[in-house]
Every structure is written in structure tokens, then in C-alpha cells.
Amino acid sequence: ILYDRTSCSTILRTGEMSQPHLKKHFPGRQRVFIAVIHLVDPDSGGDLKAHAKKQVDVAAANGADGVFLIPAVAKMPPSTVKSTYELVRKAHPKLFIGINFMSEKIPQPLPAGLDALWMDSGCDFNGAHKKATDAAAALVAQNFTGLVFFGFLFKGKTRSWPLEVKSSDQKYDLVAKTVAEFKAKLMPPAGPTGAIMNTSGPGTGNPLETDRRILYRKAIGENGLLACASGVTVSNAAELLEDVDIVIVGTGIEASPTDPNTIQFYKEAGIPCAKVGYLDAKKVKELADVVHAKKALKQMKCSACEGKVDKLSKEEAGKMLARISKEWEMYEDDEGVQKIRRAYRVRNFMEGMAFLNQVAHIAESEGHHPDVHLESYQFG
């Protein structure tokens with residue numbers, strides 16, 4: 001199904017982030033990349049805190065804008081998380097560092113200089129969670145000035161569309177209602193000044209669906225902030241960042257395991273395979289390059305028709321395509337010319353024509369005119 005994104009198709013959130021609390025932490029950034037550091041006992045049997053500090057070193061050295069420390073060991077006491085933070089903070093006094101305690105109760109007191117908190121609870125189609133509103137009120141009371149990432153339709157069943165909600169208009173109305181609830185219950189004056197909507201895909205390691213991403217941005221508006229904390233990889237980041245401002249990435253930048261049993265476990269679980277708690281420096285650097293690209297895809301100018309660029313090899317084209325969207329495919333036409341294509345499914349003939357008209361306007365402004373076809377509309 002193609003969702004009408006006319007009202008948000010011209011949103012180009014360019015330049016430095018305008019919110020004062022974000023300018024403080026990420027001056028000059030258009031998009032932000034925060035690396036997840038899973039706190040685990042290292043394979044070698046060494047110290048957990050020293051291992052975490054080493055992973056933060058990798059993130060900071062390869063372009064991450066900050067890190068979130070998250071327990072990956074069952075029932076890790078908050079005191080261990082706090083002492084790990086203190087070690088990391090000493091080594092990186094200027095780095096953006098946040099914590100997800102993996103608990104709905106915020107441990108007191110919070111560590112000095114903490115830049116952010118991340119809570120999975122927040123707001124979904126059933127409204128704002130009581131644990132989130134209680135936390136929001138407590139943070140206001142103690143005048144917490146850092147960022148607070150509350151869950152917005154974050155994983156699980158409560159983000160599923162109700163059975164009676166079927167059309168794109170109904171879905172948009174429900175998302176808009178949820179945005180209004182989030183703002184009323186978790187943003188100032190009821191919530192902390194740094195409250196941010198943090199969304200996800202349906203589960204751990206699963207990317208945010210394209211149709212939802214578009215709906216969320218349309219409902220939030222061009223000035224609202226949206227973070228995403230699941231399923232972000234080098235291959236999907238560029239498209240995701242058309243509508244998302246902050247990506248929080250763990251699995252997508254962790255090293256690949258070599259143990260066959262571990263690989264089989266992840267395969268059976270249906271989640272991306274990663275060596276939890278061990279960052280891959282190359283993956284961090286590649287993702288940072290994508291996030292910090294000078295221009296978003298919408299802002300780039302097509303130059304292929306001007307005859308000023310060499311033709312990409314099949315290998316080069318494949319690498320570029322992987323960084324745009326898996327929904328595009330590469331093929332050769334009847335004359336052996338290498339091309340890319342993508343199919344969009346629409347609800348009816350008129351919606352298809354409206355979409356093609358939008359494509360035509362963009363194509364004309366770019367000076368690049370693709371072949372477009374509308375077919376099988378009579379079958380719905």
C-alpha cells in the first residue's frame with residue numbers, strides 16, 4: 001500500500017538541529033548516531049567495566065556521536081551500571097553518554113553529568129504508560145536537564161494496528177492521536193524538557209516499517225524529533241534518515257559471531273546475528289559516514305543525464321543500492337543495459353495517477369526522466 005505523503009514530501013530538515021537541548025549535545029549535526037554498548041562479561045573473563053570502556057573507545061574513534069550503556073546481563077544491579085558509566089565518563093569527559101537501566105524505576109541518585117536516559121515504556125495506541133508518566137514527573141521534580149528517550153509505539157503487541165483500523169486515513173488519525181497523547185503526558189510541562197519520541201520495528205533487530213515511518217513523520221511534523229532504536233544498519237540507514245533524526249544502534253554495529261551454536265540460536269530466533277557487547281569498528285565507521293553525509297537523499301541532485309559521470313560497474317552499483325533500500329532491484333533490460341527499478345502498490349487507479357504525477361514533478365526538477373508504468377490497476 002502506498003501512503004500519501006504529500007504533506008511531508010517537502011520536509012528537508014536541513015542545517016543544525018534547532019532544539020536548544022540538542023544543539024547543546026550535538027552542535028552542527030543534522031542527524032545523530034548513538035551507539036549501544038551492551039554491558040557483558042568479556043569472553044576472556046576480564047573486567048566488565050574495562051571491556052565496556054574499550055567498546056566506547058571504538059565507538060568514539062569511529063564517528064559515533066555518543067553511546068548508550070545498556071545491561072545485557074540478567075539482573076545487573078544499577079550500581080554496576082553507574083560505576084561503569086563513571087569509568088567511561090572519566091575516559092571520555094566530553095562524549096554524549098546515556099544509560100538504559102532496563103528498569104522502569106529510575107535509580108536514585110542519577111550519576112553526575114549523565115546526558116540521557118532511555119526508557120522502553122512511553123506511549124502506544126493504548127495511551128501513555130503509567131510507569132512513563134511517573135518517571136516523567138519524577139524527572140521534572142529533580143530538574144533533570146538531559147535528554148529522555150521515551151518509547152513511542154515501541155516494539156510488542158501494543159504497536160499493532162487494531163482490527164477496526166484498516167485504511168491509511170484511519171491509521172494516520174490513530175498515530176496523530178498517539179502523538180498528541182505523548183506530547184500531553186511526557187513532554188513539557190508534564191514531562192522533562194528533553195523528552196524525545198523513540199520508536200522501533202516490531203521486535204529486536206527488526207527495522208521500522210516504511211509505511212509507519214512515513215506516517216510517524218507526517219503526524220509529528222517537520223519540527224518534531226523522532227529517534228529509532230531497532231534494526232538500523234548501513235543498508236537501510238539512508239532511507240530511514242529521510243524521516244528519522246536520531247538512530248540508536250546496537251546489533252547493526254556489533255561483530256559477527258563465529259561460534260556455530262550462537263549462529264544457529266540467532267537464526268532460529270529470527271533476529272540479526274551479532275556478538276553482543278563487541279563492536280565492529282568498520283561497521284561503526286560505515287554507519288557514521290551514512291548518518292553524517294552532508295546531504296540527505298532528498299537534497300541530492302541527479303547528474304547522470306548530464307553525461308558528466310562514468311557508468312558504475314555492477315559491483316559498485318550493488319554497493320550503492322544496498323545503502324538506499326532493499327525495495328529497489330538491479331536488472332538488465334533486453335539490450336543488456338544495467339538499470340534499477342522499484343514497484344509500488346497502490347489502492348486504485350486514481351491514487352496511482354496521483355503518485356505518478358508526483359514522480360513527474362520530481363523527475364522534471366531533477367532533469368532525469370525514468371520509465372514509469374501503471375498496470376494491473378483493474379485488479380486492485
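Biologist: Where is the place of N143?

Modeller: N143 lies in the loop between α4 (130-141) and β6. Helices (H or I, at least four residues) and strands (E, at least two) are DSSP runs, numbered from the N terminus. This is a predicted model, in which local features need pLDDT of at least 70 and side-chain atom pairs count only at pLDDT 80 or more, while totals for chains, interfaces and linings use all residues. Residues are numbered from 1 along each chain as its sequence is written, and side-chain values use heavy atoms, with hydrogens and water left out.

Biologist: Why does N143 count as exposed?

Modeller: Buried means under 20% relative accessible area, exposed over 50%, and partly exposed in between (1.4 Å probe, protein chains only). N143 has 60% relative accessibility and therefore counts as exposed. Its phi is near 60°, a positive value in a residue other than glycine.

Biologist: What is the phi of L153, and is L153 buried or exposed?

Modeller: L153 has a positive phi of about 50° although it is not a glycine. Its relative accessible area is 0%, so L153 is buried. L153 is found in the loop between β6 and α5. Most residues other than glycine have a negative phi, and most peptide bonds are trans.

Biologist: How many disulfides are counted?

Modeller: A disulfide is a pair of cysteine sulfur atoms within 2.5 Å. By this rule the count is zero. As to individual cysteines, C123 is at 1% relative accessibility and so counts as buried. C228 has a relative accessible area of 0% and is therefore buried.

Biologist: Why is the pair of F152 and F182 called edge-to-face?

Modeller: Rings of Phe, Tyr and Trp (its six-membered ring) pair if their centres lie within 6.5 Å; planes under 30 degrees apart count as stacked, over 60 as edge-to-face and the rest as tilted. By this rule there are eight aromatic pairs. In one of them, F26 and F96 are 4.8 Å centre to centre with 45° between the planes, hence the term tilted. F26 is in the loop between α1 (20-25) and β1 (32-39), and F96 is in strand β3 (residues 96-99), 70 residues apart. Both F26 and F96 are buried. The rings of F152 and F182 have centres 6.1 Å apart and planes at 80°, so this pair is edge-to-face. F152 is in strand β6 (residues 147-152) and F182 in helix α5 (residues 168-186), 30 residues apart. F150, F152, F182 and Y216 form one aromatic cluster.

Biologist: Which charged end sits over the ring of W161?

Modeller: The charged end of R212 does, 4.4 Å from the ring centre. A charge sits over a ring if NZ of Lys or CZ of Arg is within 6 Å of the ring centre and within 35 degrees of the ring normal. The charged end of K218 likewise sits over the ring of Y172, 5.1 Å from its centre.

Biologist: Which residues touch the most other members of the largest nonpolar core?

Modeller: A nonpolar core is a set of buried Ala, Val, Leu, Ile, Met, Phe, Trp, Tyr and Cys residues joined through side-chain atoms within 4.5 Å. The largest has 66 residues, of which F33, I37, V67, L69, F150, V247 and L287 touch the most other members. Contact means heavy atoms within 4.5 Å. Leaving aside neighbours within four places in sequence, V247 is in contact with residues including F33, C228 and V291. A second, separate core of 19 residues includes F26, F68, A116 and A227.

Biologist: How do you know that the span of helix α3 agrees with its 14 residues?

Modeller: The expected span of a helix is 1.5 Å times one less than its number of residues. For α3 (residues 78-91) that is 20 Å, and its end C-alpha atoms are 20 Å apart, which agrees. Its buried residues pack against β1, α2 (48-61), β2 (66-71) and β3.

Biologist: What makes L87 partly exposed?

Modeller: L87, in helix α3, has a relative accessible area of 35% and is therefore partly exposed. Leaving aside neighbours within four places in sequence, L87 is in contact with K49, A50 and K53.
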